[in-house]
Structure formats: structure tokens, C-alpha cells
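Here are my notes for you to read next to the viewer. Take the points in order, and turn the structure as you go.

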Amino acid sequence: MNDLISIPCVLMRGGTSKGPFFLASDLPSDSRQRDQILLSVMGSGHPLQIDGIGGGNPVTSKVAIVGPSTVSDADVDYLFAQVRIDQQFVDIAPNCGNMLAAVGPFAIEAGLVKAATGVTRVRIHNVNTGKLIEAEVPTPDARVAYMGDASIDGVPGNAAPIALTFMDAAGARTGKLFPTGNPRDTIDGIDVTCIDCAMPMMLLEAAALRVTGNEPAAELNANGAMLHRLETLRLEAGRRMGMGDVSNQVTPKPVLISTPNKGGDLGVRYFMPHQCHPSLATTGAVGIATACISDGTVAAQLIGNRKPPVILVLEHPSGRLEVKLDTRDGKTVAGILRTARRLFEGRVFAKPIAQVVCAA
């Protein structure tokens, strides 16, 4: 009834992130056209994303695209898109483990996976990284349950628990756990660990940048000198990791680590990459925890000798996140508890692709 493009869409919270979920069949197969649709839907190019449904923050400017699996050992494909707020740019290089928490429920309700009575296991192939993740979704009476007694820091209230198991997350982007060939490198006089496990990251001690690592996210976001230094280090880390010029990429993520002050194992401030995450990315937690059990890293040096099976508690600006590490067939397996909720379903409207291209 109008001159806009109408697309079926479900808005979902996954972990501490939020964004629209689409069936792959409802979006253009051409990646350029798909990205132009996503930019229009989210309203990118404006700090408030006022002309779209994005929330004006990196954790609410995310998109999940789900469809039948293209690999034999998974049930569904999941393509994650980080849609920039300030620029008309879509980055599909990284995965998002928080949005991942909602993939299983979405897939079941979309009819891609048949629900079992009790718990439904959904095997998810992350198209971004080629990695496999298993999600256990509560489905009493063979329907998705969102209500429950589980809670995660960064999200108010309780919800049904969704268990995520990352199967061999090492080398998600570069093919190597330590892309530089070293568990620890020195950049501009600062010791860093460049690790690629679920998410490419650069870890360094907060004290090296003259902060404690226990500051609220807003305080770190206001520290312009620290952010500039952190970005300089990140750019060089990306080059050494074989990722080239990462100035227009959201990876590697820079992470400040510190001695915990609330009874956990490690203090963490995770950047996305130019703002501190209000809590902690699930994929980031997997990589950080893996660094903690890997000899020679800056994390292992700070935390002491830890080996699987072990549960590590990571302190972040909104609370804590637990990562359970174990080994299976000689590979590290990471488990994390998350929650999700279906927020809205209907149709979202995008500008015609030709007009979006002209605006870019």
C-alpha cells in the first residue's frame, strides 16, 4: 500500500544484545543488495538511527539472518551482521554470541527445527566463522519457553535458560588461535595477546593504559586519550594478525583485563571497538576464558595457572559472566548460559534499494 519494501521480521533480545531476525529467504541473495536493505532498516548514518529501528548503540544495531543449514552437521545457518551506526557499513566478519542465544528459539518458531518435548537441541552453523555451536532451548510441551528462573547480568528480571556450547572456537577468523604465532607480543612497549577464539581480540592489562579496569563503561568512553591509544594498538594488532587495515572493521576487539574486585577470576572491559561494552560479548567471553588457560598469555600471567575442566568468572561493567571450559576430542569446548526473548513480530519497511544506494 506504499512505495517501501515490506519484509517479515522478528525483533528479539539475545543475551545482552537486541536486533531484528530475518529468514534468509526474505532478504536478497545478493550481498550488496542485502546490506543496503539492512542499512535502511536500521537507519545507519545517524547517531540515533532515527530513520530506522536501530537503537543508536552497537549492542542494539545487530542483525541475525537464519535459514536451513548448508552443512551436514548443523540444523540451521546463522549469519550475523554488525550494522554500523555512524556509517553506512555492514560488517559480517565477526560472530555475535549474545544474538546467537536467540537463534535457537527463532529457528524453532520459524519451523526450521522441530521442537522436542522438554529441551530442543539446535545445532547452529555460524556462517561468519564456519564454526558450530549447540544451543539447548527449553521447550516444555514442544513449544519455546521464554519465561523461567535464569538471570544474566545486564538484563533485568528472569527468563528461561539457554545453554550455548561453542565447539572448537579457535581460529574463527584467521584459522589460528594465536594469529601472530605468539601467545604474547609487544606493541609500542605494551604486552598484548592477540587471540582468535570465537572472536579476534587484543588483550592487554588495563594498568598499561593508566586505568584500573574497574571503571564504569561511561567513564572509559569519556577517556579520549585512552581510547586513542587503544585504537592505535588495535590497528597494529590487526596488521600483525594478518587482517590488514582494520580501521573500518570491528575486529579485532580490544579488551582491557585487570585483577577482579568482586570475587571473580578476572576483570574485563570489552570494547566494540570504540565504545566499552555495557556488559560483555558472549564470543568475547569465550576467547578471554580460553586465553586464561593458555600458557604465556597476558591473561594467564595475571590469573595464574588454570586448566580445564574449570569455570571462570569474568567481571564486567554490569556484573559477572561464567564460562565453563572443558576438552572434547583434544579440543577446548566452552559453555555459557544465556537467555532470550521474542519482543515483536511483524513487517519492517526499507527504502527501495536504488534510493538506499544513492544515499550511501
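1. Is His 125 buried or exposed? Keep in mind that this is a predicted model. His 125 has a relative accessible area of 11%, and the cut-off for buried is under 20%, so His 125 counts as buried. You'll find it in strand S6, which runs over residues 118-126.

2. What is around His 125? Setting aside its neighbours within four places in sequence, its contacts include Ser 69, Thr 70, Val 71 and Tyr 78. Gly 130, Lys 131 and Leu 132 are also among them.

3. Now look at helix H5, residues 224-240. Its 17 residues reach 25 Å from the first C-alpha to the last, close to the 24 Å expected at 1.5 Å a residue. Just after H5, Gly 242 takes a positive phi of about 80°.

4. Which residues of H5 are buried? They are Met 226, Leu 227, Leu 230, Glu 231, Leu 233, Arg 234, Ala 237 and Gly 238. The buried residues of H5 pack against several elements, including strand S10 (190-197), helix H4 (217-221) and strand S12 (253-258).

5. Asp 188 and Arg 229 meet through their side chains at 3.0 Å, N to O. Asp 188 sits in the loop between S9 and S10 while Arg 229 belongs to helix H5, so this pair ties together parts 41 residues apart in sequence. Asp 188 is exposed at 54% relative accessibility, whereas Arg 229 is partly exposed at 28%.

6. A second pair stays inside the helix: Glu 236 and Arg 239 both lie in H5, three residues apart, about one turn. Their side chains form a salt bridge at 2.5 Å, N to O. In general, an α-helix has 3.6 residues a turn, so residues three or four places apart point the same way. Glu 236 is partly exposed, at 23%.

7. How many salt bridges does the structure hold? There are 15. One of them joins Asp 86 and Arg 84 at 3.3 Å, N to O, and Arg 84 is buried at 11% relative accessible area. Elsewhere, Glu 109, Arg 342 and Glu 345 are linked in a network.

8. Last, the cysteines. A search of the whole structure turns up zero disulfides. For Cys 197, the nearest cysteine sulfur is that of Cys 292, 11 Å away. For Cys 276, the nearest is that of Cys 96, at 16 Å. Cys 197 is buried at 4% relative accessibility, and Cys 276 is buried at 3%.

Note on methods
Residues numbered from 1 in each chain as written. Predicted model: local features only at pLDDT ≥ 70, side-chain atom pairs only at ≥ 80, totals over all residues. Heavy atoms only, no water. Helix = DSSP H or I, 4+ residues; strand = E, 2+ residues; numbered from the N terminus. Buried < 20%, exposed > 50% of the residue type's maximum accessible area, 1.4 Å probe, protein only. Contact = heavy atoms within 4.5 Å. Expected span 1.5 Å × (residues − 1). Disulfide = S-S within 2.5 Å. Salt bridge = Lys/Arg side-chain N within 4 Å of Asp/Glu carboxyl O.
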